[in-house]
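Work through the exercises below with the sequence and the 3D structure at hand. Each task is followed by its solution.

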Amino acid sequence: MNGKHITKLGFGGRAIALALAAAKVRERVGISTQEILGELASVRDHPEAYVTGGVYADLAAELTSREARARAARQATLRPTPLPYRVWGEDLIEPGARTQMDVAMQLPVSRAGALMPDAHVGYGLPIGGVLATEGAVIPYGVGVDIGCSMMLSVLPLRPDALGTDETRKLLMKHTRFGAGVSFEKSFRGDHEVLHDPAWREQALLRHLRDKAAEQIGTSGSGNHFVEFGTLHLPAPDLGLEAGDYLAVLSHSGSRGFGAQVANHYTKVAQTLHPQLDPAARKLAWLPLDTEEGEGYWQAMNLAGRYALANHDLIHARIARALGAEPLAQVSNSHNLAWKQVLPDGEEVIVHRKGATPAEAGRLGLIPGSMADPGFVVRGRGNAEALDSASHGAGRQMGRKAAERALNKRDVQAYLKERGITLIGGGVDEAPQAYKRIEEVIARQRDLVDVVAEFRPRVVRMDTGHEDV
DNA sequence: ATGTGC
């Protein structure tokens, strides 16, 4: 048995080496060349029958994956008109975000979608966009900050138990902000996510694990924050009595690790769809039944777990410093894709890019700006919204527009009026650059119920391009 | 959002 036999059967590329390796295994157990060639022809003609196991499984997987890639390359044409989708808070949404959502709803793999009231323009899918696809995942449908998420810890302390200076010191000591930052080596935490077997299963992940270990427990830049504030719970819920509690709220993501996964697989997806309409180029997808699609799915989910681990460490550090055990915790990812079954029974991939999962009964967190209230919400499971809600107030000004329209004094006046202490923060994150959270919440009363209100008091963020 | 390639 040699390479000529293999290529004569029509195998090419990676399949040649896999076929040869399998043939050698069969030769070793005494099967004749003629018989092996017969078996290989059968794998070639019906690879799907061999993928589940046996000596030909790797070859069969390569063949089915190649078929899927070829299919993907052919699907380059957009639907002539977008599939219909519902919009919440249409009066709050700029036209550019609608246009982006329209393009997403023209993709051949799209099945359903919805736009949340905090929606604004992003890369590819708008922020606040929810998109259900069939058999495919879109890296830019999840976003660059894979697994970006919120976490709230309710502490067994009165809201006024800590002075402003003490709170500020806690935040300075136990949080780290900014692109590329990590904790000092001796101060670095560990977490079970760093020992996840998935890190060893892809070259990309093996390469990124050290960076992830360095940055664990940190917050990023942009709109990420860690803040102390008062949680007002009007009625018993979350396993707690009604009342006011000291609470910590954090917004963080998967840091450099997730960003590199996103950039890598976006390029892979674009390479897979060379003919895709340029209008949808940033929405290039990966079929889930390809090696590439499976690879992204694994890396994306690892980044999702890693982002939540960052929150875990932030909250654990703060709680330990206070000698307090949180009474309750709520968390949710708002940049991720999930497998979900539509009411008609079809299994789809639901991308939430800046959207909170809101299945009936599920708790979630919808923050306002650095100086506005945030809300603990409970999902109502609205099928037309694909069980989703907004992930925040949403920008009404882009970063550059905010820096043009506002200055430090505007932000300082806003903070002073509300009694908020800010560490770091840039004019681009000014509360005035965001939609009014009360209006955004009002537009989605059929998506979530409000459980509690969080009022920030001491906020830490990264320093912006123009500091406050 | 990231932290480096365009």
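**Exercise 1.** State whether tryptophan 199 and phenylalanine 257 are buried or exposed, and classify their ring pair.

Step 1. Both tryptophan 199 and phenylalanine 257 are buried, where buried means under 20% relative accessible area, exposed over 50% and partly exposed in between (1.4 Å probe, protein chains only). This is a predicted model, in which local features need pLDDT of at least 70 and side-chain atom pairs pLDDT 80 or more, while totals for chains, interfaces and linings use all residues. Residues are numbered from 1 along each chain as written, chains are lettered from A and ligands numbered from 1 in written order, and side-chain values use heavy atoms, without hydrogens and water.

Step 2. Rings of Phe, Tyr and Trp (its six-membered ring) pair if their centres lie within 6.5 Å; planes under 30 degrees apart are stacked, over 60 edge-to-face, the rest tilted. With centres 4.7 Å apart and 45° between the planes, tryptophan 199 and phenylalanine 257 form a tilted pair.

Step 3. Trp199 and Phe257 belong to one aromatic cluster with Tyr306.

**Exercise 2.** Explain why the pair of tyrosine 50 and tyrosine 56 is classed as it is.

Step 1. The ring centres of tyrosine 50 and tyrosine 56 are 6.2 Å apart and the planes stand at 90°, so the pair is edge-to-face.

Step 2. Tyrosine 50, at 23% relative accessible area, is partly exposed; tyrosine 56, at 6%, is buried.

**Exercise 3.** Find which arginine side chains reach a phosphate oxygen of DNA strand B.

Step 1. For arginine 399, the distance is 3.0 Å.

Note on methods:
A polar contact is a pair of N or O atoms within 3.5 Å; within protein, one must be able to donate a hydrogen and the other to accept it, and residues adjacent in sequence count only if both atoms are side-chain atoms.
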